[in-house]
Amino acid sequence: MSSAPRWDVHHLPPQARKTFLVTGAGSGIGFFIAEQLAAAGAHVVLAARTPQKLDLAMQAIRMRVPEAQLRSLPMDLADNASIEAAVGTLSGTVLDGAVFNAGLLQQGQRRETKDGHELVLGTNYLGHFVLGSLLFATLAPGSRIVTMSSVAARWTKELRLDDMESTASPYQGFKVYKMSKLAQAIFAFELDRRLRASGSTIASLVAHPGGALDGLTPSRPPVHARRTADLLKALPKSPLAQGKDAAAWPAVRALTDPAAEGGQLWGPRLARSKGRPVLERPTALMQDAATARRLWAWTEQATGIAWPAQPHP
């Protein structure tokens, strides 16, 4: 598969007068997505659970981009009431895109969200489903929704729609994480099909970050300080891993590259782990329309939330 025309994260297309929302922007990959968009001139709404982390993230971005246009949006994706309250503060805001980046990997015992869903699925997938439905009225024509999946989604060959809440078998945190990331990808491709069928100009795309390590991530005080010991520990893994700054590139490209289109999957070039973002071929399960319809129906029932039946153009 040929890649789209060459694109350079260090020279992004100008994003002045555009507004983007990024979840999980208080740290990690989400922080770097926000930083790169701000450096290109965009107004960035940073969403995360902890107000203090958002304050530090905005401080760190402004140290590198003094003219950055930033807004803090405290929001807990594991709490529908928090999501609704946060979106309510965006009245009058027009978004040119959103990156559904926030993610959680839970080890140990099974835990639940405030709405009674398994915590990882509830945060990574259900919370973004609810957020997207509520944000839809704020999206401008031609805007993009980029869902951050994971290369781990490729390792899951079945979506257990009969046990999405992981109650029927012993709890395995990484297995649940993989399923949540597969669900995100299936949702995003189905959303794009529904948008196209409705005649909407809004596009839904998928990205994944590859392998990202703190030890390979440049320092961004006060959000992240790379220690020499962490760097030395990470270096042996560097052939197939990168810093979280580079791991942000696929999502940023999906959001800002004029050549990107709805229904695409973007990931790192080298072994799907590191490097310049390029187009990837989704797995058959990610794009299976029958599975997607069943997942969508289950999700609407689980959340009590339905996306707009007739999206605006």
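Leaving aside neighbours within four places in sequence, Thr-19 is in contact (heavy atoms within 4.5 Å) with His-43, Val-45, Thr-93, Val-94, Leu-95, Asp-96 and Gly-97. Thr-19 lies in strand β1, residues 19-23; helices (H or I, at least four residues) and strands (E, at least two) are DSSP runs, numbered from the N terminus. With a relative accessibility of 11%, Thr-19 counts as buried, where buried means under 20% relative accessible area, exposed over 50% and partly exposed in between (1.4 Å probe, protein chains only). The model is predicted: local features need pLDDT of at least 70, side-chain atom pairs count only at pLDDT 80 or more, and totals for chains, interfaces and linings use all residues. Residues are numbered from 1 along each chain as its sequence is written, and side-chain values use heavy atoms, with hydrogens and water left out.

Aromatic pairs were also computed. Rings of Phe, Tyr and Trp (its six-membered ring) pair if their centres lie within 6.5 Å; planes under 30 degrees apart count as stacked, over 60 as edge-to-face and the rest as tilted. The count by this rule is 12 aromatic pairs. One of them, Phe-129 with Trp-296, is edge-to-face, at 5.3 Å centre to centre and 70° between the planes. This pair links distant parts of the chain, with Phe-129 in helix α4 and Trp-296 in helix α9 (residues 289-303), 167 residues apart. Phe-129 is buried at 0% relative accessibility, and Trp-296 is buried at 4%.

Helix α8 (residues 249-256) is largely enclosed by the rest of the structure, because eight of its eight residues are buried.
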